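Please open the model in your viewer and keep the selection tool at hand.

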Amino acid sequence: MQKLIYSLFFLLIAFSNSLFSQSQEVRLITIDEAINIALENNYTLKQARNELDLSDDLIFSEKADFLPSVTASMSGSRTSGQQFLFDRFSEGLDPFVDVTSQSISGSMRANIPLFNGFNNILTLKSSQSNKESREQQFARARELVIFNTASRYLQVLLDKELLEIARQNLETSTTQLSQVQAQVELGARPMVDLFNQEAQVANDELTLTQRENTLALNSLLLIRQLEIDPLGQYDFEVPELELNDLPWMDVNLRSLIDEALTTRSDILSAEASIAALKYQLQINKNSLLPSINASASVSSRYSDQYSIAGQDVNFSDQFFDQQVNRSLGLSFSLPIFNNWNRLYSIQSTQVQVKNAELNLDNSRMQVIQEVTQAYNDYSSYVKQLEVSEKSLLASEKAFETQQERYNVGASTLIELTQAQASFVSARSSYTQSLYNLIFQEKLVDFYLGKFKGDSIF
């Protein structure tokens, strides 16, 4: 019995460990998957989609305004007390009778504007322009999500590369420590070299720990950008990073600015908003014009006190025949004085149009500044990459040379350590320059409004 209990206990532990390992399974995410996840989960985009749906509903409502409005009503009443009955009066009887009466009435009415200053047309166009503006806002918000996700993803990839450099550097320092220790034990090197190398290994371990912490922090920021479970285990795949033959080096800056001003979603959104405001301004001006409306109605009623020649008339004859009334109407309305409210609305909308145009001018200047700065930075990063590549090759040869000289006793440990530090610094600078150039290339694309798809590579 005791053996059975032990067996069940160990089986339970094994099952729990299996569940734990499954729950900690690492999910590998590519950059395209990361972008798609961010586009699906981002709450700002969800709100923008809801606004777009509302714009469609508003346009449908504006189109329906061209149709006549129809209302129907039905009412019933019960009245007790002295009442005037016209039927008794027409028959020469006392029309005032103390009686309890019941009645039912119903009506249907239709109205259609024949002329209202073309407000229905202008309102529809204004709503369509507003929808276009929101569509462009959604497109720009989508581009921003793609850019932010790609930027954080590239930062994580850079941190992984720098971590690997720090790890390899620690391995090199540890190997050198073993060599120095062996040489010190043989008396070929002074004890101070061993202490210096131990200090170098400790510094490299600290650098490795710092790189690990930086990678963990930026990975958490990327996970937050994706809006996925922060307690999950994730790894991010390194894509094939290409510089695309430096696409912006031979492009005229003026042409890039012109392209941005004609394709940027935020500029197009501002232009559509101005068009909507201008339609609204025309609507307010047209409120000073007269309006003409046509109407048609049909109504009927039933009363239990209704009679003809002393004979009661049933519900069907009254409601559907004898008491049916039909009417057609035409109304003309001319606004004369409304406490200057209409004039104020016109002036207010004119100010809104002017402010919107000023904001558009400011946005265009901002676009010019962004594209110019991004283009200049891109050119600078191209040169930095060229310089860092040369520095990397030179420092690598210098480190290899100092390693060989130290092994034969022709160089000091300080010289070897300096050469190693220069080589590690050159590797880190080259890696950072490469990722900075890739990031800057995508930044130029973003400022030009080119992030229309779901992938940036």
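Select Arg134 to begin: this residue is partly exposed, with a relative accessible area of 30%, where buried means under 20% relative accessible area, exposed means over 50%, and partly exposed is in between, computed with a 1.4 Å probe and protein chains only. This is a predicted model, in which local features need pLDDT of at least 70 and side-chain atom pairs count only at pLDDT 80 or more, while totals for chains, interfaces and linings use all residues. Residues are numbered from 1 along each chain as its sequence is written, and side-chain values use heavy atoms, with hydrogens and water left out.

Glu51 and Arg134 form a salt bridge whose closest N and O atoms are 3.4 Å apart; the term stands for a side-chain nitrogen of Lys or Arg within 4 Å of a carboxyl oxygen of Asp or Glu. Because Glu51 lies in helix H3 (residues 43–64) and Arg134 in helix H5, the pair ties together parts that are 83 residues apart in sequence. Helices here are DSSP runs of H or I with at least four residues, strands are DSSP runs of E with at least two, and both are numbered from the N terminus.

Next, select Asp56, Lys131 and Glu135, which are linked in a network of salt bridges. How many salt bridges does a search of the whole structure find? The search finds 14 of them.

Another of these pairs is Lys450 with Glu259, whose side chains meet at 2.8 Å, N to O, in a salt bridge. Lys450 lies in the segment after helix H11 (413–448) and Glu259 in helix H7 (residues 253–263), so this pair ties together parts that are 191 residues apart in sequence. Lys450 is partly exposed at 38% relative accessible area, and Glu259 is partly exposed at 28%.

Then select Arg264 and Asp266, whose side chains also meet in a salt bridge, at 2.8 Å from N to O.

Return to helix H5 and select its whole run, residues 119–186. At 1.5 Å a residue, its 68 residues should span 100 Å, and the end C-alpha atoms are 100 Å apart, which agrees; the expected span is 1.5 Å times one less than the number of residues. Within H5 you can pick out Ser151, which is buried, with a relative accessible area of 17%. The side chain of Ser151 reaches the backbone oxygen of Phe147 at 2.8 Å. After the helix comes Gly187, whose phi is positive, near 85°.

Helix H6 (residues 191–226) can be checked in a similar way: its 36 residues should span 52 Å at 1.5 Å a residue, and its end C-alpha atoms are 53 Å apart, which agrees. H6 is followed by Glu227, with a positive phi near 55°.

Strand S1 (residues 26–29) runs parallel to S4 and is joined to it by 4 bridges, strands being paired if DSSP finds at least two bridges between them. If you select Arg27, its bridge partner in S4 is Tyr234.

Gly106, in strand S3 (residues 96–115), is buried at 13% relative accessible area, and its C-alpha atom is separated by 8.6 Å from that of Val298, 192 residues apart along the chain. Arg301, in strand S5 (residues 291–303), counts as partly exposed at 35% relative accessibility, and its C-alpha atom is separated by 9.3 Å from that of Gly76, 225 residues apart along the chain.

Finally, select Phe337, which is found in the loop between strand S8 (325–333) and helix H10 (341–407) and is exposed, with a relative accessible area of 52%.

Note on methods:
Polar contact = N/O pair within 3.5 Å; in protein donor to acceptor, adjacent residues only side chain to side chain.
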